[in-house]
Amino acid sequence: MTSWKCDKCGKKFDTKKEAEKHEKTCKTEKKEHITIRSIKDKWVALILALLVGWLGIHRFYVGKIGTGIVYFFTSGLFFMGVIVDVILILTDSFTDKSGAFLK
Ligand SMILES: [Zn+2]
């Protein structure tokens, strides 16, 4: 027996008509199956951010040289940038220069 499946949420239907009708109104966003992870370790980045974040060292570590230099000359955007980065690292939202999340 053929069953029809919604590409977005995976819900199954007996007829194509039902499935097509559902897909038009389906609110589920198609999820990314592959999450690209950086080879850089988030705990190393965190320790660097806490100890020498005001020098931008954690940004140099993940390859963000440009903003690393900015941090170096502005004491980590007057520490505000460091605080934001620490929060981003702890919430797994900090990325390396290629946009991959830290492991
Ligand atoms: Zn659906």
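From the N terminus on, the elements of the protein follow the order β-β-α-α-α-α-α, that is, 5 helices and 2 strands. Helices (H or I, at least four residues) and strands (E, at least two) are DSSP runs, numbered from the N terminus. The model is a predicted one, in which local features need pLDDT of at least 70 and side-chain atom pairs count only at pLDDT 80 or more, while totals for chains, interfaces and linings use all residues. Residues are numbered from 1 along each chain as its sequence is written.

**The whole chain**

Select the whole protein first. Along its principal axes the C-alpha trace spans about 65 × 25 × 20 Å. The radius of gyration of the protein is 21 Å, whereas a compact globule of 103 residues would have one near 13 Å. This radius is taken over C-alpha atoms, and the globule rule is 2.2 Å times the number of residues to the power 0.38. Of the 103 residues, 17% count as buried. A residue is buried if 20 or more other C-beta atoms lie within 10 Å of its own, exposed if 12 or fewer, and partly exposed in between, with C-beta atoms placed from the backbone.

**The two domains**

Next, colour residues 1-30 as domain 1 and residues 32-103 as domain 2. These bounds come from an automatic or database domain assignment. The C-alpha centres of domain 1 and domain 2 lie 41 Å apart.

Within residues 1-30, the range of domain 1, select Lys8, in the loop between β1 (4-5) and β2 (12-13). Lys8 counts as partly exposed because it has 14 C-beta neighbours inside 10 Å.

Move to Gly63, in the loop between α3 (57-61) and α4. Gly63 has 14 C-beta neighbours inside 10 Å and therefore counts as partly exposed. Which residues does Gly63 contact, leaving aside its neighbours within four places in sequence? They are Asp96 and Lys97, where a contact means that the C-beta atoms, placed from the backbone, lie within 7 Å.

**Helices α4 and α5**

Select helix α4, residues 65-78, which bends by about 90° at Phe72. The bend is the angle between axes fitted to the seven residues ending at a residue and the seven starting there. Then show helix α5 (residues 80-90): α4 and α5 pack at an angle of about 70°, with their axes 3 Å apart. The two helices are therefore roughly perpendicular, a label for angles of 65 to 115 degrees. On the α4 side, the contact is made by Tyr71, Gly76, Leu77 and Phe78, and on the α5 side by Met80, Gly81 and Val82.

Most residues other than glycine have a negative phi. Leu77, found in helix α4, has a positive phi near 50°. With 16 C-beta neighbours inside 10 Å, Leu77 counts as partly exposed. Just after α4, Phe79 takes a positive phi of about 70°. Finally, select Asp92, in the segment after α5; its phi is positive, at about 60°, although Asp92 is not a glycine. Asp92 counts as exposed because 12 C-beta neighbours lie inside 10 Å.

Note on methods: Axes are lines fitted to C-alpha atoms, for helices over the stretch in contact, and angles run from 0 to 180 degrees between N-to-C directions. Angles under 35 degrees count as roughly parallel, over 145 as roughly antiparallel, 65 to 115 as roughly perpendicular and the rest as oblique. Two residues are in contact if their C-beta atoms, placed from the backbone, lie within 7 Å.
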